[in-house]
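Here is a short tour of how side chains pack together in one protein. Have a look at the model first, then read on.

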Amino acid sequence: MSKSQLSNQLPDYQITRLPDSSGIPRLPDSSLGQAAPIPWYLWCSALAVTSAYIGGYWDISWHRSIGRDTFWSPPHMAIYACGVLAGIASGYLILTTTFGRSAPLREVSVRIWGFTGPLGAFILAWGGVAMLASAPFDDWWHNAYGLDVKIVSPPHMVLAAGFFGIELGTVMLLLAFMNRSGDEVRSRLQKLFLYVGGTVICESLLLRMEYINRSDMHSALFYIVVALGTPAVLVAIAVASRQRWACTIMAAVYTAFGLAFLWILPLVPAEPKLGPVLHQVTHLIPWEFPLLVVVPALAIDLILQRVSSWRPLAGGLVTGLVFLLTFVAVQWPFASFLMTPLARNWFFGAHYMDFSTPPQSSYARHLFYANETQQFWPGMMLAALMACLMVWLGLHAGRAMQKVKR
């Protein structure tokens, strides 16, 4: 591919190189007086993570409403479209950078196995391969063992690993562009970066849904599971973005997706294809009302604006405790409300049950699972320790992410 062809395909701000203090090319704010567009492959990567999350949530709803269906069901196609989109974006970046002698991204790329490209593109490519490889594995698993009993199955974990690889690759790709950009372009990339961060929160909580349903919400295990990873992702991406309200924005993305699914999916007709049918189902069954993580996310933003100069250990201790305490303060009473008849409507969705829920189960009777006091308080102490550790890790990761430029 000739230099002129590459110049026509890549945005002007990638070709105009303004070195920063480290010697790595920086992206200017505009070209010819117009705001530089975000490259199509960054949009493609963001679309990939969106497709996977929508497909994953839709697939869970499909299983709860219809049961095991063909491999070629619409939710599966949405999931595996993620791998295809990631492959298109990463393949384009790696191949054009490797074989284009005057490739604009060559100076800000890494070399792996004889190929050259942005680090994020290589992670994207790995994630896409893992996702697509999980497809025949999942099909074989169902043929051998039947209907999914748990979300956590070997093929689903391969799929999840691939998806998180695609998310990490997208985050790294956006980071590199954002950290090399001028102020105006950086502001636009920052919004896309925080949106992708919100999908990371969405997917991580979706994979843990078996342990965070409303009957779990008065148990210590529920708070341990939520504290495992969630504060780390929020803080790392917030620090890396340098946006004052980054955690709140990411939590708002999670909440918006959750509410959209809760209100839209029941409008789609569906009925079980498997038995026994323990609850009559006539439409797609969504998951529950989204967790109120937007409140502790707001608290984290307020704290981070005041402890940015603190050592990570002190910042992690304070911010982690604030995260857990604010989350307990809002989620505990809200969980009690979800058990009441007032929450059994289209808005809160507490009346939705999948077709295989036993009528005598605590979940079907709107009761909390039994919880022994002797186990509860040690568990809550573990949740507090976990939250502090996650924030500490997030602070270190976020500061390291600020330096990513390749």
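L291 touches L205, I212, M217, F222, V226, Y254, F327 and Q331, leaving aside residues up to four places away in sequence; contact here means heavy atoms within 4.5 Å. This is a predicted model, in which local features need pLDDT of at least 70 and side-chain atom pairs count only at pLDDT 80 or more, while totals for chains, interfaces and linings use all residues. Residues are numbered from 1 along each chain as its sequence is written, and side-chain values use heavy atoms, with hydrogens and water left out.

**The core and a neighbour of L291**

- The largest nonpolar core has 117 residues, and L42, L175, F193 and L291 touch the most other members.
- Such a core is a set of buried Ala, Val, Leu, Ile, Met, Phe, Trp, Tyr and Cys residues joined through side-chain atoms within 4.5 Å.
- Buried means under 20% relative accessible area, exposed means over 50%, and partly exposed is in between (1.4 Å probe, protein chains only).
- Q331 is found in helix α12, residues 312-338; helices are DSSP runs of H or I with at least four residues, numbered from the N terminus.
- With a relative accessible area of 1%, Q331 is buried.
- The contacts of Q331 are M217, F222, Y223, L291 and L292, again not counting residues up to four places away in sequence.

**Aromatic rings**

- Rings of Phe, Tyr and Trp (its six-membered ring) pair if their centres lie within 6.5 Å; planes under 30 degrees apart count as stacked, over 60 as edge-to-face and the rest as tilted.
- The count by this rule comes to 29 aromatic pairs.
- One of them joins W263 and W346 edge-to-face, at 5.7 Å centre to centre and 65 degrees between the planes.
- W263 lies in helix α10 (residues 246-264) and W346 in the loop between α12 and α13 (373-401), so this pair ties together parts that are 83 residues apart in sequence.
- W263 is partly exposed at 31% relative accessible area, whereas W346 is exposed at 56%.
- Ring pairs also link F222, Y223, F323, F327, W332, F376 and W377 into a cluster.

**Charges over rings**

- A charge sits over a ring if NZ of Lys or CZ of Arg is within 6 Å of the ring centre and within 35 degrees of the ring normal.
- R180 lies over the face of F177, 4.8 Å from the ring centre.
- The charged end of R214 sits over the ring of Y363, 4.4 Å from its centre.

**Cysteines**

- How many disulfides does a search of the whole structure find? The search finds zero, a disulfide being a pair of cysteine sulfur atoms within 2.5 Å.
- C202 is buried at 1% relative accessibility, and C388 is buried at 11%.

Note on methods
Helix = DSSP H or I, 4+ residues; strand = E, 2+ residues; numbered from the N terminus.
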